[in-house]
Amino acid sequence: MTSLPANIGSFSKSVQQLWARMNPCTLCPRKCKVYRSKGQIGFCGVADMPVVSSVGPHFGEETVLVGAGGSGTIFFAGCNLGCIFCQNFDISHHCHGRQLTIEQLAQSMLQLRDYGCSNINLVTPTHLVPVIMAAIESAQKGGLNLPIVYNTGGYDSVETLKLLDGFIDIYMPDMKYSDSGVAQQFSSAADYPQVNRAGVKEMHRQVGDLQLKEGAATRGLLVRHLVLPNKLAGSFEIIDFLAEQISPKTVINVMD
Ligand code: SF4
């Protein structure tokens with residue numbers, strides 16, 4: 001038997017479906033098929049409750065996300081990618097952080113609103129979407145009305161993304177690679193290029209091009225791309241893909 005939260009019935013159908021996808025876990029393309037609510041752990045390294053490494057206003061994000069009060073970032077521990085150049089290795093791979101309940105996570109979101117943050121910025125959310133969406137529902141009942149930013153490494157399955165439709169205002173995926181061999185070598189994810197492109201298409205279908213109000217992002221797609229030495233990231237192919245298959249108006253942050 002899978003242990004589900006006693007109050008699972010009080011959440012939306014989408015949250016309940018997300019929870020089912022976690023037991024056995026097929027939330028992301030790795031499809032580890034572990035029972036997360038029984039405490040089993042797959043590639044991403046955490047069970048079904050969120051482990052959070054930090055919560056607070058962040059002023060180092062893209063200008064359109066920062067505003068006057070900072071971007072209200074919540075850094076989740078664990079990750080479904082294995083990037084050897086990760087700058088948050090302690091969080092993503094050693095899973096350093098504090099385990100929260102859904103209600104505590106919802107309270108954290110409301111605290112970020114009370115600090116005056118411009119949005120709620122979910123950093124590395126892919127492997128924890130059932131609990132995160134449940135917390136958003138709970139926080140919205142408590143008056144949360146900020147844009148929700150899905151800040152992902154870009155290794156998300158389309159089936160799971162479809163269940164996020166309506167929760168997420170701003171999708172901010174990485175597009176890391178165009179080549180399968182490079183994706184395997186640096187992130188242990190040979191299928192990253194096709195999975196990533198399918199995911200970005202679904203994200204754009206849901207929210208469209210990035211929209212700003214008085215310089216602040218309110219909705220839409222914002223892509224991050226990290227240039228790697230020796231053209232390893234396939235930067236030109238990624239930019240061509242965005243221009244030709246997503247939208248010539250796609251906003252992209254190219255990082256060196
Ligand atoms: S979310 Fe984690 S456990 Fe689930 S399929 Fe992905 S890596 Fe595996």
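Which residues are linked in a network of salt bridges? The network joins Glu61, Glu62 and Arg224, a salt bridge being a side-chain nitrogen of Lys or Arg within 4 Å of a carboxyl oxygen of Asp or Glu. This is a predicted model, in which local features need pLDDT of at least 70 and side-chain atom pairs count only at pLDDT 80 or more, whereas totals for chains, interfaces and linings use all residues. Residues are numbered from 1 along each chain as its sequence is written, and side-chain values use heavy atoms, with hydrogens and water left out.

The structure holds six salt bridges. One of them brings together the side chains of glutamate 61 and arginine 224, at 2.9 Å from N to O. Because glutamate 61 lies in the loop between strand S1 (51-58) and helix H2 (63-66), while arginine 224 belongs to strand S8 (residues 216-226), the pair ties together parts that are 163 residues apart in sequence; here helices (H or I, at least four residues) and strands (E, at least two) are DSSP runs, numbered from the N terminus. Glutamate 61 is buried, with a relative accessible area of 13%, and arginine 224 is likewise buried, at 12%, where buried means under 20% relative accessible area, exposed over 50%, and partly exposed in between (1.4 Å probe, protein chains only).

Another salt bridge is formed by glutamate 202 and arginine 205, whose closest N and O atoms are 2.8 Å apart. Both residues lie in helix H8 (residues 192-207), three residues apart, about one turn of the helix, and glutamate 202 is buried at 5% relative accessibility. In the salt bridge between arginine 113 and aspartate 114 (3.1 Å, N to O), arginine 113 is partly exposed, with a relative accessible area of 27%, whereas aspartate 114 counts as exposed at 57%.

Turning to the strands, S5 (residues 148-152) is mostly covered, since five of its five residues are buried. Ile148, Tyr150 and Thr152 point one way from S5, and Val149 and Asn151 point the other way. Strand S4 (residues 120-123) runs parallel to S5 and is joined to it by four bridges, two strands being paired if DSSP finds at least two bridges between them. Within this pairing, leucine 122 stands opposite tyrosine 150.

Away from the strands, phenylalanine 85 is found in the loop between strand S2 (71-76) and helix H3 (89-92), and at 32% relative accessibility this residue counts as partly exposed.
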